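Have a look at the sequence and the 3D view, then read on.

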Amino acid sequence: MTPSTPPLLATEIPPSAKKTNYPEPFAAQVVGREKRKLGNWFGLTNFGVNLTELAPGAFSALYHAHTRQDELIYVLEGEPTLIWGEAEYVLAPGQCVGFKAGAGAAHQLVNRTDRVVRFLEVGDRTPNDRVDYPHDDLQAMLTSAGQWQFLHKDGRAYG
């Protein structure tokens, strides 16, 4: 069988046209983040891989924790600050960290430097995942169709 998509440089995969799934006012908090969905480009369905770039001052995501999906990041360039639970860590190229689903400790990366940060994000696509955002009036649920639904913490839909 011949591969349908040949090897290429990750930077040749175009950045996502849709910058975020977050509803306003939360979408504004991830301005300066750019994702290249490497896994989607190759048709992967069991897990996702993103090449993510954070401009100075940008956030990777809102501070969050998944109930069912594991995540892993691997730093390629720059020195992002990992906020994880009550701790903060300045990461360097070559460092990685994983976030076990259901462990409860929320996390996010912040670029507090004046240089671009690049990292790989790897996550599974376990159905029925929920995401808690402890600092925001927001929760997310992965629908059976594989789409994220964002709700207020009292269950009302955004939009």
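## Starting with a tyrosine

In which strand does tyrosine 74 lie? Tyrosine 74 is part of strand E4, which covers residues 71–77. Helices (H or I, at least four residues) and strands (E, at least two) are DSSP runs, numbered from the N terminus.

A quick word on ground rules: this is a predicted model, where local features need pLDDT of at least 70, side-chain atom pairs count only at pLDDT 80 or more, and totals for chains, interfaces and linings use all residues. Residues are numbered from 1 along each chain as its sequence is written, and side-chain values use heavy atoms, leaving out hydrogens and water.

Back to tyrosine 74: at 35% relative accessibility it counts as partly exposed. That label sits between buried (under 20% relative accessible area) and exposed (over 50%), using a 1.4 Å probe and protein chains only. Leaving out residues up to four places away in sequence, tyrosine 74 touches Gly94, Gln95, Cys96, Phe119 and Leu120; a contact means heavy atoms within 4.5 Å.

## The whole chain

Zooming out, the chain has 1 helix and 12 strands. Its radius of gyration is 16 Å, close to the 15 Å from the globule rule for 159 residues, so the chain is as compact as a globular protein of that length. (The radius is taken over C-alpha atoms, and the rule is 2.2 Å times the number of residues to the power 0.38.)

Buried residues make up 39% of the 159 residues. Of the contacts between residues at least 6 apart in sequence, 61% join residues at least 24 apart.

## A buried threonine

Threonine 81 sits in strand E5, residues 81–84, and counts as buried at 5% relative accessibility. Its contacts, apart from neighbours within four places in sequence, include Tyr89, Val90 and Leu109.

## Rings that meet

Now for the aromatic pairs: there are 4. Rings of Phe, Tyr and Trp (its six-membered ring) pair if their centres lie within 6.5 Å; planes under 30 degrees apart are stacked, over 60 edge-to-face and the rest tilted. Tyrosine 22 and phenylalanine 150 have ring centres 5.8 Å apart and planes at 65°, so they are edge-to-face. These two are 128 residues apart in the chain, with phenylalanine 150 in strand E12. Tyrosine 22 is buried at 10%, and phenylalanine 150 is buried at 11%.

Phenylalanine 26 and tyrosine 158 also make an edge-to-face pair, with centres 5.7 Å apart and planes at 85°. Finally, Tyr22, Tyr133 and Phe150 form one aromatic cluster.
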